[in-house]
Amino acid sequence: MQYIETKDQEKMYALFLDGPVTWIAVNKDATQKERLKLNPLAPNYQRSDYQTWFQSVMQNSPKQEHFKNIEIVEDGHVASVSFDYSFWVNGKKGNWGKELWHLIKVMDDWKIVSVIFSKELEKIKPEPQEAIGGDFDQSQKVRAIAEDLLRVANLPGLSVAIRHKDQLVFAQGFGFADLEKRQPVTPQTQFRAASVSKAITATALAKMMQDGLIDIDAPIARYLPQFPQKEYPITARLLSGHIAGFPHYITGDRTENRYYPTVQDALSVFAHHQQIAPSGTKYHYSSHGTVLLSAMMEAASGIPYLSYVQQSVLNPLGLKRTEAEMLRHKAMPNMSRIYAKSGNNNVLVENPRELSAFWASAGWVTTPSDMVNMTRAFSNGYLSADTMRTMFTSQALQSGEKIQVGIGWRLSYDIHGRPVYEHAGVTQGARSVISYFPNEDLAISVMTNLEWVSSIEETAHMLAQAFLNKKHNPSVADGHYAIQGEMQFGGQDTPFTGKLNINQGSGTIQAMQYEWPVHHLHSNVYALVTHQGVYYLQIDSDQQKSLNARAIRYSSQLKEAAINTKPFLQFSKN
């Protein structure tokens, strides 16, 4: 908990209801057994209050509390949060157990009304390795990488969530949702989804297909007879794959600085444009095409687009913090502020861009936790096997070339060749991604409140590596090395000399004007944290201390793993 480490009493106390708050610790079996040896009448629980607890933990040695297996249930008025915790003093675990909070919403702010937790003293009964296992250690890796990324990339705020099968194994915010008020990012902080909105729209379209409400191969005139006729055929399938020949944002768009109350109203922005290529002949990414798709969905279902997504995706999957952005039109207290880069500074955007003309393509706000939970639909039976097959089979051009896009979702591979379905986004005040590994049923989402030029898909993949590979093997490259190599800089391979320092799996690489953190993930694989994201770094070293390394940058919609891609950074021991 951030306020424990910063010793911020005011912000810590503000988390709790201004009134009686229940605070009970229940001893687990081994700890209670030892207590009874000292006092046969000792109860198995202790009452306290958050003020007394906070004052006690603030004394002397530095304290930390770590969480995993976080589960949140809420209806907008009351909520419960449960998680496994461990409490650390001076870098050593003191106790561990299960913790449960109950909260109520007071004037748009969540307040804790009770804290109940079980407690086992580590010195009496160490936490079982299978419980720590890989999850606690893996969470530590993700946390360390994310903290470095926040600092190195100079992001205002960052949020990461990871789901593995039925568990939310990681959900944490870093930095600030509001720099001016020093309001921290939490797992409940909403961000602009940007083009991750297209993944939400695609998931709603899949449900519509499954329920027989739309024929994705029917001509647009069946659903929108009033839409201006175009030269080449347009269908929902073609629009979802960005091969309908429709333009992206271009000169000539009739975007007005106003609220667009309906999807039909939003069509006026681009309905006059002609197609820029015959349908099915060229992949051309188009946000306008996704808005047009949402109009077809609306007509096919007879339900307004926003309402259909609410009914078919958000409500069934429990996505409580996903909604259309209305920053200009209503209070959104859980929403992060919007920032832009000005030199080396993050500057508040006072008048954010209106997104109501682009709800389906870029207009949702959400949290990483909601996005990874949305992917439960891909493994829990909510969407059928046939629907999934259609959704995640690449469409192809008339030439036969596969475009690595199915129904809205991009199809790709991580560095080790694992299939991944994903979508990323960028817009004013946001960079976002949702990545789903179908074979492992693992999803990760990363979001920030800055329009950040970055390799966010690879960043998500590298953070996910911590949970995709849980092998406990030592770093192969611990030590201090003088290095020499080449880095792609300004479009050219530029020679450099530098230093590599790694201790117990973590360290830095100094190359040219950069000093980048390095974290060991597994075997010879490391995460290289740069100002543009987290990259795959492979370091090979033998017992004679020869050392060779290469870092690879890759994007999305890959037809094969990028492991053989030319490195943007390579070096060896000098």
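Helices here are DSSP runs of H or I with at least four residues, strands are E runs of at least two, and both are numbered from the N terminus. With that in hand, Pro 278 turns up in the loop between helix 9 (263-266) and helix 10 (287-301). Pro 278 counts as partly exposed because its relative accessibility is 33%, where buried means under 20% relative accessible area, exposed over 50%, and partly exposed in between (1.4 Å probe, protein chains only).

This is a predicted model, in which local features need pLDDT of at least 70 and side-chain atom pairs count only at pLDDT 80 or more, while totals for chains, interfaces and linings use all residues. Residues are numbered from 1 along each chain as its sequence is written, and side-chain values use heavy atoms, with hydrogens and water left out. The pLDDT (the predictor's confidence in each residue, from 0 to 100) has a chain mean of 92, and 95% of residues reach 70 or more. Over residues 130-134, though, pLDDT is below 50. Where pLDDT is low, the predicted coordinates should not be read in detail.

Now for the strands. Strand 24 (residues 533-541) is largely enclosed by the rest of the structure, because seven of its nine residues are buried. Strand 24 runs antiparallel to strand 23 (residues 525-530), joined by six bridges; strands pair if DSSP finds at least two bridges between them. A hairpin of two residues links strand 23 to strand 24, and Leu 528 has Tyr 535 as its bridge partner. Six bridges also join strand 24 to strand 25 (residues 547-552), again antiparallel, with Tyr 536 partnered by Ile 552.

Conventions
Contact means heavy atoms within 4.5 Å.
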